[in-house]
Amino acid sequence: MTESWVNSAERIGRDLHVDLSGGGSRRAALLHALREAVRSGRLAPGTRLPPYRSLAADLGLARNTVADAYAELVAEGWLTARQGSGTRVAERAAPPPRVRVPKRAPVAPEPPAHNLVQGQPDAGSFPRAAWLAAARRALTAAPNEAFGPGDPRGRVELRRALTAYLARSRGVRADPERIVVCSGFAHALRLLFGTGGGGVLRGPLAVEAYGLGFHRSLLATAKVRTVPLPLDEHGARVEELADAPVPVRAVLLTPAHQFPTGGPLHPSRRAAVVDWARARSGIVLEDDYDGEFRYDREPVGALQGLDPERVVHIGSVSKSLSPAVRLGWMVLPEHLVDAVVTAKGEREAWVSVPDQLTLADLIESGHYDRHVRRMRQRYRRRRDQLVAVLAERAPHVTVTGIAAGLHAVLRLPPGTEASAVKAAAWHGVGLEGLAAYRHPEARAPAPDGLVVGYATPAEHAYTAALDALCRALPPPP
């Protein structure tokens with residue numbers, strides 16, 4: 001070691017400005033200070049550090065403390081130590097320049113100030129206390145095998161509870177062996193039609209001329225062609241099934257409350273579509289999407305009750321509880337059960353067992369019925385308020401489809417739908433026009449209208465939402 005090197009290293013030791021005031025031991029404080037000096041560039045690569053004895057004397061530390069710190073920093077790669085060269089800051093490649101990454105676009109647009117989009121229940125009304133109590137009871141009583149690989153049909157406790165509930169509330173004829181639990185209506189369609197045309201059922205599939213575009217897209221992905229059936233005041237014109245442009249052996253209907261135009265399927269057409277299915281060995285898919293919410297008339301029983309071997313009854317809790325609870329069911333004809341179970345697979349990968357057990361307890365304890373009754377009263381009041389406000393401020397707008405469900409259709413003067421949707425967005429109102437639900441191959445004239453969901457806004461925000469809606473409506477013709 002030369003005298004010049006020693007003198008240089010000692011000067012570096014005096015100029016290190018090592019701050020040992022941090023918390024922890026003196027050794028830990030020294031390690032942190034030296035790392036920061038290297039990281040910040042105050043000690044450049046190749047810089048020789050003073051001997052540990054000199055640095056210990058400058059800092060008032062024990063020699064072993066500094067020697068151990070040097071050794072640890074050498075082991076970590078911060079420093080190098082070679083015989084005859086002393087201890088130096090390790091040579092490192094210069095870090096790459098920071099690249100400013102542009103902010104990612106938001107996944108979804110900002111929600112509207114007033115959400116009147118259909119199909120969404122009041123999220124604030126979810127029965128948290130009842131659900132929590134049901135979960136505690138269900139998990140306490142559940143057998144150990146419930147937490148192992150499950151039956152692809154779903155937990156038997158839930159299938160038994162659904163059998164009794166659907167029989168008394170919807171007139172469904174079923175037994176637990178014919179119920180398959182799924183995560184909702186879309187999952188049911190995927191199980192029935194598969195992907196790429198390899199499902200339990202095959203297309204083409206007749207559908208109502210107005211319905212959810214998401215369902216049509218899902219079926220298109222499964223290579224299932226959908227054939228629109230015209231609608232009138234009595235629902236889908238099922239008599240046209242026999243004259244469809246392509247032969248069909250399955251039809252998807254919303255017979256209790258046509259979505260989104262409203263109104264039940266006429267009794268004569270209910271009987272006619274079942275007769276058609278019997279004659280063609282066909283299948284009717286019954287989407288009972290809001291079967292619990294009826295206001296001005298007696299509940300319309302499920303179509304499945306007319307012929308359980310020709311109708312697949314599909315329901316869920318997305319409207320009655322929350323779309324966040326991914327729970328639904330299919331009540332299947334006996335000859336489809338094994339095929340659907342096989343399509344679902346041996347491992348339950350869609351619906352959590354604790355949620356199934358909780359819903360079963362909620363139904364059997366009566367809390368589910370009480371929640372539905374409470375929400376039926378609340379939604380009816382909201383519907384009545386919507387009708388009253390429109391009658392006062394926009395009497396030229398006709399409100400239809402209001403005897404049931406969670407939405408209404410506002411019939412508008414011809415040619416005003418597009419401008420009304422734009423005006424609603426300008427006023428901060430989220431909703432959709434009827435055109436958004438129309439099948440692209442539908443032949444009948446397209447009426448103008450808005451689909452207004454009255455269940456979503458919080459109680460305190462509903463009046464303001466209706467006020468904004470009225471400001472967006474077109475003036476009288």
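Leu49 has Thr87 of β3 as its bridge partner. In this predicted model, β1 and strand β3, which spans residues 86-89, run antiparallel and are joined by two bridges. These two strands belong to an open sheet of three strands with the order β1-β3-β2, in which the pairing is antiparallel. The edges are taken by β1 (48-49) and β2 (79-82), each of which pairs on one side only. Helix α4, residues 63-76, packs on this sheet and touches β1, β2 and β3. The direction of α4 makes about 110 degrees with that of β2.

A further open sheet has seven strands, ordered β5-β13-β12-β11-β10-β6-β7, and its pairing is mixed. Strands of a sheet pair through backbone hydrogen bonds, and the pairing may be parallel or antiparallel. At the edges stand β5 (179-182) and β7 (226-229); each has a single partner strand, so one side of each is left without a neighbour in the sheet. At one end of the order, β5 is joined by four bridges to strand β13 (residues 328-331), and the two run antiparallel. Within this pair, Val180 has Met330 of β13 as its bridge partner.

The packing of two helices is described by the angle between their axes and the distance between the axes. For helix α5 (residues 128-141) and helix α11 (residues 353-364), the angle is about 110 degrees and the axes are 8 Å apart. Angles of 65 to 115 degrees count as roughly perpendicular, and α5 and α11 are therefore roughly perpendicular to each other. On the α5 side, the contact is made by Ala130, Trp131, Ala134, Ala135, Arg137, Ala138 and Leu139. On the α11 side, Pro354, Asp355, Leu357, Thr358, Leu359, Asp361 and Leu362 take part. By class, the residues of this contact divide into 10 nonpolar, one polar and three charged.

The largest pocket holds about 690 Å³ of space. Its lining consists of 34 residues, and those nearest the centre of the pocket are Phe185, Leu212, His215, Asp287 and Lys319. Two or more lining residues come from each of α7 (185-193), β6 (205-208), α8 (213-221), β10 (250-253) and β12 (311-316). Of the elements, α8 gives the most to the lining, with four residues. The lining is made up of 16 nonpolar, 11 polar and seven charged residues. Three of the contributing elements, β6, β10 and β12, are also strands of the seven-stranded sheet.

Some backbone features remain to be described. Most peptide bonds are trans, and most residues other than glycine have a negative phi. A cis peptide bond joins Gly203 to Pro204, with omega about 0 degrees, and Pro204 lies in the loop between α7 and β6. Phe259 and Pro260 are likewise joined by a cis peptide bond, with omega about 5 degrees. Pro260 is placed in the loop that runs between β10 and α9 (267-280). Lys223 is not a glycine, yet its phi is positive, at about 60 degrees. The position of Lys223 is in the loop between α8 and β7.

Terms used: Residues numbered from 1 in each chain as written. Predicted model: local features only at pLDDT ≥ 70, side-chain atom pairs only at ≥ 80, totals over all residues. Heavy atoms only, no water. 1 Å grid on protein atoms, 1.4 Å probe; cavity = no way out; pocket = protein on both sides within 12 Å on 5 of 7 lines; lining within 4 Å. Points joined across faces, edges and corners; volume = space filled by probe spheres on them. Nonpolar A, V, L, I, M, F, W, Y, C, P; charged D, E, K, R; others polar. Pairing = 2+ DSSP bridges. Contact = heavy atoms within 4.5 Å. Axes fitted to C-alpha atoms, helices over the stretch in contact; angles between N-to-C directions. Parallel < 35°, antiparallel > 145°, perpendicular 65-115°, else oblique.
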